[in-house]
Amino acid sequence: MRIIRYKKNEATHQLAVVTNESFVFDLPYPDFMSFVHEAEKQGKTVLALAQEFTINEPVEKYENTILTTPLDAPEVWAAGVTYEKSRDARNYEATDGKLDATTFYDKVYDAERPEIFFKSTAARTVGPGQEVYLRSDSNWQIPEPELGLVINKDGKILGFIAGNDMSCRDIEGENPLYLPQAKMWKNSCSIGPAILLADAVEDPYELTITCRIFRQDEKVFEGMAYVNQLKRKLDELVSYLVLDNEIYDGTVLLTGTCVVPPNEFTLNDGDIIEIEISGVGTLRNPVKQLVKKE
Ligand code: DO4
Ligand code: MG
């Protein structure tokens, strides 16, 4: 069972529940967190309350909806180097492929404390169908397909979402202190297309993440991984994020990338990125190149 927001008309972004058969039922709440709070008030799980609305006539089929972000996440945070694939890619970009010593990427992969960084705010996060941007001062940019956790202010995992932690490999590779510039710029974070309710997931480590990139209608990259390849536990990542920190309801924590395109690959203007997570759906975004102002 998934929660979406779709455009009912120009003015209305409607919250709705989607059944496993892809039928859409409107929910009478303004946003995802109001819905969660109502379930808490009634002493029910979010899943149980959602199910109550699926006995009416569906309003639509999922594939006919125009989706927006399923929630306005006040903040998006991200964990890094949580999969072997990411550690190896980081080592490559930091050493021009000439790795001959243990790096801080090796160290953080094995350390007790994970890497967690600030990624985005609601205003700079885009949703399904919206453009993600390419920085004008980077020549090596990739999407990072990641499982996102939707959490409340106490760090409870409410649901799962797909996220794209757009990254500049050349900027990060030049110097790790450039990480914020390699990770944060306008439209550099995308989330969606739906929130898969945590109550509806037996084992999140069984989820799969697939990334596809299309260029002029041709698929130029496809890669896939399992969440069970994650070096850490999901709750472990959340516990480090919330420790001595103020976190807001509806925060999203991206859990690190597990699929990396080949080292010679960089995104181009006009590419289409698809990130599919089993049970969540496919987050699709076109890519737009930003041009340096003279
Ligand atoms: O260490 C830099 C960032 C790593 C990252 O974003 C990831 O592994 O997904
Ligand atoms: Mg990442």
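**Close-up views of a predicted model**

**Figure 1. The shell around ligand 1.** Three elements, β5, α3 and β16, each supply at least two residues of the shell around ligand 1. The model shown here and in the other views is predicted. The residues around the ligand are Ala78, Gly80, Val81, Thr82, Ser86, Arg90, Glu115, Glu144, Asp165, Leu179, Gly256 and Thr257. By class, this shell holds three nonpolar, five polar and four charged residues.

**Figure 2. Helix α3 and the elements packed against it.** Helix α3 covers residues 84-95, twelve residues in all. From its first C-alpha to its last, the helix reaches 17 Å, close to the 16 Å expected at 1.5 Å a residue. Ser86, Arg87, Ala89, Arg90, Asn91 and Glu93 are the buried residues of α3. An α-helix has 3.6 residues a turn, so residues three or four places apart point the same way. After the helix comes Asp96, which has a positive phi, near 55°.

**Figure 3. The contact between domain 1 and domain 2.** The chain is divided into domain 1, residues 2-64, and domain 2, residues 75-289. Taken over C-alpha atoms, the centres of the two domains are separated by 27 Å. Eleven residues from domain 1 and 13 residues from domain 2 take part in the contact. On the side of domain 1 that touches domain 2, the elements giving two or more residues are β1 (2-7), α1 (32-41) and α2 (46-52). This side of domain 1 has nine nonpolar residues, one polar residue and one charged residue.

**Figure 4. The surroundings of Ala194.** Ala194 belongs to strand β13, which spans residues 189-197. Ala194 counts as buried because 27 C-beta neighbours lie inside 10 Å. Not counting residues up to four places away in sequence, Ala194 touches Arg2, Ile3, Ile4, Val18, Pro70, Val280 and Gly281. Thr68 is 126 residues from Ala194 along the chain, yet their C-alpha atoms are separated by 9.1 Å.

**Figure 5. The surroundings of Leu158.** Leu158 is part of strand β11, residues 157-165. With 23 C-beta neighbours inside 10 Å, Leu158 is counted as buried. Neighbours within four places in sequence aside, the contacts of Leu158 are Val36, Val46, Val150, Ile151, Asn152 and Ala198. Leu158 and Met33 are 125 residues apart in sequence, and their C-alpha atoms are 9.6 Å apart in space.

**Figure 6. The whole chain, for orientation.** The chain has seven helices and 18 strands. Along the principal axes, its C-alpha atoms fill a box of roughly 60 × 45 × 35 Å. A compact globule of 294 residues would have a radius of gyration near 19 Å, and the 19 Å of the chain therefore agrees with that expectation. Of these 294 residues, 41% count as buried. Among contacts between residues at least 6 apart in sequence, 75% join residues at least 24 apart.

Terms used
Residues are numbered from 1 along each chain as its sequence is written. Chains are lettered from A and ligands numbered from 1 in the order in which they are written. This is a predicted model: local features need pLDDT of at least 70, side-chain atom pairs count only at pLDDT 80 or more; totals for chains, interfaces and linings use all residues. Helices (H or I, at least four residues) and strands (E, at least two) are DSSP runs, numbered from the N terminus. The expected span of a helix is 1.5 Å times one less than its number of residues. A residue is buried if 20 or more other C-beta atoms lie within 10 Å of its own, exposed if 12 or fewer, and partly exposed in between; C-beta atoms are placed from the backbone. A residue is near a molecule or strand if its C-beta atom, placed from the backbone, lies within 6 Å of it. Ala, Val, Leu, Ile, Met, Phe, Trp, Tyr, Cys and Pro count as nonpolar, Asp, Glu, Lys and Arg as charged, and the others, Gly among them, as polar. Domain bounds come from an automatic or database domain assignment. Two residues are in contact if their C-beta atoms, placed from the backbone, lie within 7 Å. The radius of gyration is taken over C-alpha atoms; the globule rule is 2.2 Å times the number of residues to the power 0.38.
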